[in-house]
Structures are given as structure tokens and as C-alpha cells.
Amino acid sequence: MNLSSPVYSDIHCHLSFPDFDDDRDRVIGDLRAAGLQYVIDPGTGVETNRRSIELANGHDFIYSNVGLHPHETNVPLSPELFDELAGQARSAKVVGIGEIGLDYHWPDHDPVHQQAAFREMLRMAVDLDLPVVIHCRDAWQDMLRILSEERSSALRGAMHCFSGDLDMARRCISLGLKISIPGTITYKKSPLPEVVASVGLGDLFSETDAPYLAPVPKRGKRNEPAFVVHTVRKIADHRPEPFEEVTEALVSNTRTLFGLP
């Protein structure tokens, strides 16, 4: 990799998912060639957390988040499960608690159990002094209420795959959270250009959410971490700063929030 070339970061990609089992080494080679300095792979439950940690342990530039996706929290959960998750979160390459949050999109969602698990994971992050990476879908009112109620000086993190408008972004930032921009910023009618143009550069991150939501011109294909370059270019298009300053800031923001070397 040419050290004078721009560097990038992907704070949220599911590289450990089975979607990449057939060509993971090639995908990792491509992302390194594209200039990615940091890649963070989030788990969504005990088994995916384990695979995420194993992947991170094998690569010095890949890190893990330990999470419990809201789709896994529609039933009562035992204290033993949260103890196991906390144990996983103490692994050396784990740099955050995520993917956690609320998702009311599907008819069988259970808001009571989702909210209880979300609060437990937020408190775990505070106890372990780790940032959170939060998923929110069709649940903004409850999300903001819980974040306000659980707010503390130690609670910090990013709204993953942000899909809200500028007002929602500003409310999240006021609660100590940053805004992570996915490839959907390249889609027509996306509210994200206004968000990116209006918040501080220090409040932004770049991500792919691979294998989902590939950006234009890769839309319709399986997303890959290397494609974050297209997202960052679109972010830079809507910022007043030079492209190089934007790329450097996004990487620096990642390093700072997650405590990376």
C-alpha cells in the first residue's frame, strides 16, 4: 500500500459472517489494497461474537465488537447470558459493545424485552468503559428516551448505519453519540447528504455494514469493506474541507473513539 495514498476506516462490517466464507482472504486483500487502516467487525450474539473475536485475533488491523442484536432480544434473557457476553467483551481485541439497539421493523418484535436487553448492554459498556455501536430501526422515540435515561459521562459511541434526518442526528450528538454513515448516502432521496453537510466533521464515521447496503456504483452486489471508499468520497462531496482532510478525520475519529493504536 502506498503510504502517501488516502487511508480509510470501516467501523462496522460483518466480515466474519458466513457470506464471506468462500473468499474472505481475497476480500481482506482487497480492503488492504484499497487503503483501509482499521476494520471493526461486530458480533450480534454469542456465536457471532466468538467468530468476530477469532477473526480479529488473526489480523492486527481488524478489531471486534461484542454485541447482542435486537433480533436476538425478543424473548426474556438470562443473567448468565449477559455474564457470558461480558466475558467475551474482555477479550483483548474487543474495542466496543455492539451491535446493540432496538428494531421494531418486523411484526414479531417485542419492545419490552428489546428495551430491557438494550439497557443491560448499555450498562455493560459503561462498566467496561467501552463505546457502544447502536442499531435503530423504526424505534427512534424509544431509542432516544432510553439513551437519555441511561446517559452518563462514560456512555459514548456511534449510531451505526444512521438512517435518520438532521434533527435526529443532532439529538443523538447531544446525547454523546456520533453518526456513522453507510453506503446509503449514495442512494437517491437519502437524507444523509444534509446530515453530513451540517454536523461537525468530528462527529462522523464511515462504514459499509457489509455484506449489506452496497454503495453506488456497487449497489445490488454483496457489499465489501473495500467499497467504503465510495461512501467516503460521497461524504467528502458534501463537506467544505479538502478530501484528504475528510479521510484523515474519519480515520482519526475511529482511532479516538475505539482507542486504537
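**Contacts, exposure and a charged patch**

The side chains of Arg119 and Glu149 make a polar contact at 2.4 Å. A polar contact is a pair of N or O atoms within 3.5 Å; within protein, one must be able to donate a hydrogen and the other to accept it, and residues adjacent in sequence count only if both atoms are side-chain atoms. The model is predicted: local features need pLDDT of at least 70, side-chain atom pairs count only at pLDDT 80 or more, and totals for chains, interfaces and linings use all residues. Residues are numbered from 1 along each chain as its sequence is written, and side-chain values use heavy atoms, with hydrogens and water left out.

Arg119 sits in helix α4. Arg119 is buried, because its relative accessible area is 18% (buried is under 20%, exposed over 50%, partly exposed in between; 1.4 Å probe, protein chains only). Helices are DSSP runs of H or I with at least four residues, numbered from the N terminus.

A patch of negative charge on the surface brings together Glu80, Asp83, Glu120 and Asp127. Helices α3 (79–89) and α4 (111–128) each give two or more residues to this patch. Patch residues have over 30% relative accessible area and no salt bridge, and like charges are joined within 9 Å. A salt bridge is a side-chain nitrogen of Lys or Arg within 4 Å of a carboxyl oxygen of Asp or Glu. Glu80 belongs to helix α3. With a relative accessible area of 56%, Glu80 is exposed.

His238 lies in the loop between α8 (228–237) and α9 (243–258). His238 is partly exposed, at 30% relative accessibility. The C-alpha atoms of His238 and Leu192 are 9.6 Å apart, with 46 residues separating the two along the chain.

Key
Patch = residues over 30% accessible without salt bridge, like charges linked within 9 Å, V, L, I, M, F, W, Y side chains within 5 Å. Areas by Shrake-Rupley, 256 points an atom, 1.4 Å probe, with all protein chains shown as cover. Lys, Arg positive; Asp, Glu negative; His and termini not counted. Charge placed at Lys NZ, Arg CZ, Asp CG, Glu CD.
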